Amino acid sequence: AAASAAMAAAARGPVHGSDGVDGAATLQHMPLEQLMANPEFFQFRTHIITGFEARGQRPPADAAIAEQFRKLKEAQMYEYRQMMLAQQQAMYGGGGAQAEASGDGHDQRISFLVPSDSVGTIMGSKGAYVKTIQSESGARVHISKDEEPGTTDRRVHISGTEGACAHARRLIETKVEAWRAEGGGKPPPPAHGDGVVTVTVNVPTISTGFLIGGGGAAVHALQAESGARINIAGGRDEVIGGQTMRVVTISGTQDAVDKARALVNQRVEAYHAAHPGDGPVP
């Protein structure tokens with residue numbers, strides 16, 4: 001019962017006790033025995049084992065499933081906090097989940113992702129096109145130099161009035177669409193030589209946030225555990241079997257790729273076990 005209460009509080013979001021430790025810290029240090037005593041873990045474990053057995057694979061040990069369950073609950077807390085932040089921004093900043101007030105009551109900041117390979121097209125020769133976007137829209141545009149963790153995307157930051165930001169975003173998205181129409185965004189050919197293989201798998205787009213994890217922590221952990229490189233494609237999604245899917249590219253030795261693919265499938269199953277309303281695992 002104590003474990004159930006602690007997990008329920010953790011899933012709701014930050015909680016504070018007399019010792020000042022919040023829900024995330026409580027969950028992080030919770031013993032496996034207490035974690036596994038939670039009724040939610042039993043349902044989660046059943047779902048994971050059923051999925052592995054359906055594919056003719058040996059299910060992981062209970063301790064490994066419990067650690068995955070812990071990561072799932074931590075991700076849920078992170079998502080809860082992000083949702084609360086978005087609500088606060090919508091109430092007080094006027095920009096919603098992708099916007100925040102800039103401080104003067106009129107300007108706002110928005111951000112979104114674009115494929116890394118399209119940035120050169122957006123910038124133009126010596127930055128000429130992005131300057132045109134800024135001049136035409138009246139907004140300020142900045143594109144991050146680094147890719148978002150676990151993706152092949154870079155983040156575009158736009159600031160200005162609401163109308164200026166919307167105009168600049170339309171210009172950028174139109175440019176990206178033109179880049180795609182000209183053949184941009186096609187996946188690179190599979191790697192060969194030195195025992196390196198490359199495979200692609202489709203995962204439900206709705207689960208990719210959980211697959212990447214806060215700040216890319218989850219996908220970095222999967223790469224470290226498997227020894228393979230995992231990239232979650234940016235750009236357009238595809239509808240396969242009535243479900244919106246995104247391509248995940250895995251490369252490395254055959255053993256590393258096989259392990260990474262199993263870990264990716266396991267994490268996707270973990271997401272759907274906790275979010276049954278988001279549809280079945282394909």
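The model is predicted, so local features are reported only at pLDDT of at least 70 and side-chain atom pairs only at pLDDT 80 or more, while totals for chains, interfaces and linings use all residues. Residues are numbered from 1 along each chain as its sequence is written, and side-chain values use heavy atoms, with hydrogens and water left out.

**The chain as a whole**

- The chain holds 11 helices and 8 strands; these are DSSP runs, with helices (H or I) of at least four residues and strands (E) of at least two, numbered from the N terminus.
- Of the 282 residues in the chain, 38% are buried. Here buried means under 20% relative accessible area, exposed means over 50%, and partly exposed lies in between, with a 1.4 Å probe and protein chains only.
- Among contacts between residues at least 6 apart in sequence, 64% join residues at least 24 apart; a contact means heavy atoms within 4.5 Å.

**Helix H8 and its surroundings**

- Helix H8 covers residues 162-181, which is 20 residues. From first C-alpha to last, H8 reaches 29 Å, close to the 28 Å expected at 1.5 Å a residue; the expected span is 1.5 Å times one less than the number of residues.
- The buried residues of H8 are Ala-164, Cys-165, Ala-168, Leu-171, Ile-172, Val-176, Trp-179 and Arg-180.
- Their cover includes strands E2 (108-115), E3 (140-147) and E4 (153-160), along with helices H6 (119-123) and H7 (128-137).
- Ala-166 also sits in H8, and counts as partly exposed at 33% relative accessibility. Ala-166 and Ser-137 are 29 residues apart in sequence, and their C-alpha atoms are 8.5 Å apart in space.

**Strand E2 and its partner**

- E2 is largely enclosed by the rest of the structure, because 6 of its 8 residues are buried.
- E2 pairs with E4 in the antiparallel sense over 8 bridges; two strands count as paired if DSSP finds at least two bridges between them.
- Within this pairing, Pro-115 stands opposite Asp-153 in E4.

- Two packed helices are described by the angle between their axes and the distance between the axes.
- H7 and H8 pack at an angle of about 145°, with their axes 9 Å apart. Axes are lines fitted to C-alpha atoms, for helices over the stretch in contact, and angles run from 0 to 180 degrees between N-to-C directions.
- The crossing of H7 and H8 is right-handed. A crossing is left-handed if the near helix is turned anticlockwise from the far one by less than a right angle, and right-handed if clockwise.
- From H7, Tyr-129, Ile-133, Glu-136 and Ser-137 meet Ala-164, His-167, Ala-168, Leu-171, Ile-172 and Lys-175 of H8. By class, this contact has 6 nonpolar, 2 polar and 2 charged residues; Ala, Val, Leu, Ile, Met, Phe, Trp, Tyr, Cys and Pro count as nonpolar, Asp, Glu, Lys and Arg as charged, and the others, Gly among them, as polar.
- Helix H10 (residues 217-226) packs with helix H11 (residues 254-274) at an angle of about 145°, and their axes are 9 Å apart. The H10 and H11 crossing is right-handed.
- Ala-218, Leu-222, Glu-225 and Ser-226 of H10 make contact with H11 through Ala-256, Lys-259, Ala-260, Leu-263, Val-264 and Arg-267. The classes in the contact of H10 with H11 are 6 nonpolar, 1 polar and 3 charged residues.

**Strand E8 and its partners**

- E5 (residues 197-204) runs antiparallel to E8 (residues 243-252), joined by 8 bridges.
- Val-239 has Thr-244 in E8 as its bridge partner.
- E7 and E8 form a hairpin with 2 residues between them, and Gly-241 in the turn has a positive phi of about 60°.

**Two single residues worth a look**

- Gln-266 lies in helix H11 and is buried, at 9% relative accessible area. Leaving aside neighbours within four places in sequence, Gln-266 is in contact with Ile-48, Phe-52, Pro-60 and Gln-68.
- Lys-126 lies in the loop between H6 and H7, where it counts as exposed at 81% relative accessibility. Lys-126 has a positive phi of about 55° although it is not a glycine.
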